[in-house]
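We will walk from one stop to the next, with something to select at each.

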Amino acid sequence: MNRFRITRTGTYLTIQDWGRFHYQHLGISPSGMMDPRIPEALAAVIPQHQNQFLEFAYVGPSLKVEQGAIKVSVGGQCNIFVQKNNNTQIEHAPYTSINLFEGDELTIHSTINSVYGYIAFENGLGLEPCLQSFATDTKAQIGSVNRPLQIGDQFKISQDVSSWELQSNEEVNILKQTNFKVHPGPQLHYFADEVVQSFVSSPYTITTQSDRMGLRLEGEPLKSHVSHDILSEGILPGCIQVPSNGQPIVLMRDIPCTGGYPKIAILDSEDISKIAQLPPGTKITFDF
Amino acid sequence: MFFKGINHYGNLGLILDFGSNSSQPISQEVNTVFALLQGLDLSQLNIIPSFNKIVVSFQNSQDRNQAQAVIEHTLAKANLTNSQKDRKTWNIPACYEDSYALDRERIQATHGLTKEEVISRHTGVSYYTYYIGFMPGFPYLGDLDPSLITPRLATPRIQIPARSIGIAKEHTCVYPKVSPGGWNIIGQVPFNIFSLEHSRTSLFLPGDTIQFQSISEKEFIQIQSKDLAFDEVIKEFSQ
């Protein structure tokens with residue numbers, strides 16, 4: 001038996017996988033990783049990840065091996081340190097395998113010019129799926145663990161690591177962009193031509209009121225000449241909805257399943273991961 | 001037939017349009033088409049019905065484009081007037097007493113109704129379940145007696161107690177869990193309406209009919225203390 005404990009949560013530490021599907025008609029959101037490109041890159045280092053990843057935002061966690069040994073890899077732009085049992089400290093690079101033995105403590109510092117980072121574990125985290133997925137939706141309290149992780153949470157990985165040989169993925173290329181291609185939203189006609197012109201010609205700033213549910217933007221207000229209140233209809237990650245204050249919200253992975261605001265546009269699905277990584281204060285532009 | 005056509009919804013989605021209004025006949029057609037789509041094996045990720053739309057999402061645009069052709073072909077020859085099978089009729093106990101009805105007195109004042117009138121008008125209608133949305137297991141029910149139609153709260157509450165019965169516009173609902181929300185709270189149900197332990201997950205499903213029955217606070221506490229499992233609730237309160 002191998003066991004580790006969370007000794008620092010950082011911010012917004014949750015378990016995520018590729019998403020929970022086929023339940024949105026019951027009001028259950030897809031959830032899943034905000035930036036799946038990173039776990040995809042980690043899979044080359046830790047192929048036996050069992051689809052059980054830790055996701056953190058801004059500040060990474062610390063975890064300490066209490067029994068046995070585990071093999072992990074960290075993805076994202078961040079500094080990674082291991083405090084060894086003998087009190088030496090070793091720095092590791094992202095997308096390399098890290099062997100952690102009894103008493104070792106892994107600490108991940110803040111994400112650099114980005115938001116989300118991930119940890120992959122060989123043989124997973126010993127979790128049972130909830131509605132066919134390991135992902136945590138903290139607002140709906142659904143998941144293998146139905147809340148953000150807390151200090152003291154323990155994980156037991158029964159299978160031992162197969163090889164301590166170091167592995168790395170040298171070909172990680174996580175692109176960053178601030179101009180986003182969008183598709184017409186179902187209520188695009190709720191907005192007059194000159195309003196749509198503002199939407200594509202002026203920058204919008206990502207505000208601090210942004211999380212796994214959505215990114216609230218601030219910029220030229222987008223007023224509808226029809227209504228800001230529609231009959232609620234199905235929404236998907238990437239939908240850009242505009243409430244009555246005219247400030248658009250980009251819906252992300254923990255979406256409410258239906259929404260009653262008009263949608264001016266829908267982000268290209270490829271770009272949801274990219275926009276997720278832009279910290280508050282970043283100016284972005286849209287283009288049809 | 002209300003179905004108007006299918007449009008793209010971003011690069012991975014489709015939206016099926018059933019017009020711009022909401023009504024029970026439209027919803028019945030939406031839910032008939034929903035059941036039809038579920039049976040088609042479209043490689044979809046999600047099918048999301050609402051009052052007058054169905055959104056379907058896919059993993060990639062190739063799957064989406066193939067599915068669009070299949071859906072168009074299927075709907076062209078389908079009989080959408082078929083009524084749904086497996087619908088349940090519920091008789092749900094509800095307590096409208098002060099401790100569970102945060103907004104009832106304000107509703108009375110707004111509409112010039114007595115407490116008994118609010119209760120009898122809310123329990124006097126057999127509600128149709130339009131769809132489940134907003135949060136896990138949250139049913140959109142309707143339509144309210146016109147004298148109870150009330151706008152949402154101007155400022156939503158940060159925390160609404162689990163199992164609360166709300167009204168907003170021409171609809172009524174039950175909050176499955178503690179949640180922020182803007183519906184006017186007029187009562188509470190004495191058991192869970194969402195369960196991960198039961199295959200149904202959501203007690204109420206689209207097309208179900210729900211009639212509330214007023215119970216006293218004493219009866220409420222009595223039923224609540226039994227902590228009924230879904231199977232017991234289904235056995236005791238549905239047909």
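How many residues of domain 1 of chain A are in contact with domain 2 of chain A, and how many residues of domain 2 are involved? In this predicted model, 15 residues of domain 1 meet 13 of domain 2, where contact means that C-beta atoms, placed from the backbone, lie within 7 Å. By class, the domain 1 side of that boundary has 5 nonpolar, 6 polar and 4 charged residues. Here Ala, Val, Leu, Ile, Met, Phe, Trp, Tyr, Cys and Pro count as nonpolar, Asp, Glu, Lys and Arg as charged, and the others, Gly among them, as polar.

To colour the two, select 2-157 of chain A for domain 1 and 179-287 for domain 2; such bounds come from an automatic or database domain assignment. The centres of the two domains, taken over C-alpha atoms, are 29 Å apart.

A note on conventions before moving on. Residues are numbered from 1 along each chain as its sequence is written, and chains are lettered from A and ligands numbered from 1 in the order in which they are written. As the model is predicted, local features need pLDDT of at least 70 and side-chain atom pairs count only at pLDDT 80 or more, while totals for chains, interfaces and linings use all residues.

**Stop 1: a sheet in chain A**

Select the strands S2, S3, S10, S5 and S8 of chain A, which form an open antiparallel sheet of 5 strands in that order. Strands are DSSP runs of E of at least two residues and helices runs of H or I of at least four, numbered from the N terminus; two strands pair if DSSP finds at least two bridges between them. At the edges are S2 (14-16) and S8 (97-101) of chain A, each pairing on one side only. Now zoom in on S2(A) and S3(A) (53-57), joined by 3 bridges. There A:Gln16 stands opposite A:Phe53.

**Stop 2: the core**

Next select A:Ala120. Its contacts beyond four places in sequence include A:Phe53, A:Val72, A:Pro39 and A:Leu42. A:Ala120 is also among the residues with the most contacts inside the largest nonpolar core, which has 136 residues; A:Val72, A:Val250 and B:Ile54 are the others. Such a core is a set of buried Ala, Val, Leu, Ile, Met, Phe, Trp, Tyr and Cys residues joined through C-beta atoms within 7 Å. Buried means 20 or more other C-beta atoms within 10 Å of a residue's own, exposed 12 or fewer, and partly exposed in between.

Then pick helix H3 (269-276) of chain A, where A:Ser269, A:Ile272, A:Ser273, A:Ile275 and A:Ala276 are buried. The elements packed against these buried residues include helix H1 (37-42) and strand S10 (116-121) of chain A.

**Stop 3: across to chain B**

Show both chains: 27 residues of chain A are in contact with 29 of chain B. The chain A side has 14 nonpolar, 11 polar and 2 charged residues.

In chain B, select S1, S2, S4 and S3, an open antiparallel sheet of 4 strands in that order. S1 (5-9) and S3 (44-49) of chain B each have a single partner strand, so one side of each is left without a neighbour in the sheet. S3(B) pairs with S4(B) (53-58) over 5 bridges, and B:Asn46 has B:Ser57 as its bridge partner.

**Stop 4: a loop residue**

Finish at B:Glu170, in the loop between S9 (164-168) and S10 (171-174) of chain B. Is B:Glu170 buried or partly exposed? With 14 other C-beta atoms within 10 Å, B:Glu170 is partly exposed. Among the residues that B:Glu170 touches are B:Gly142 and B:Ile149.

Terms used:
Contact = placed C-beta atoms within 7 Å.
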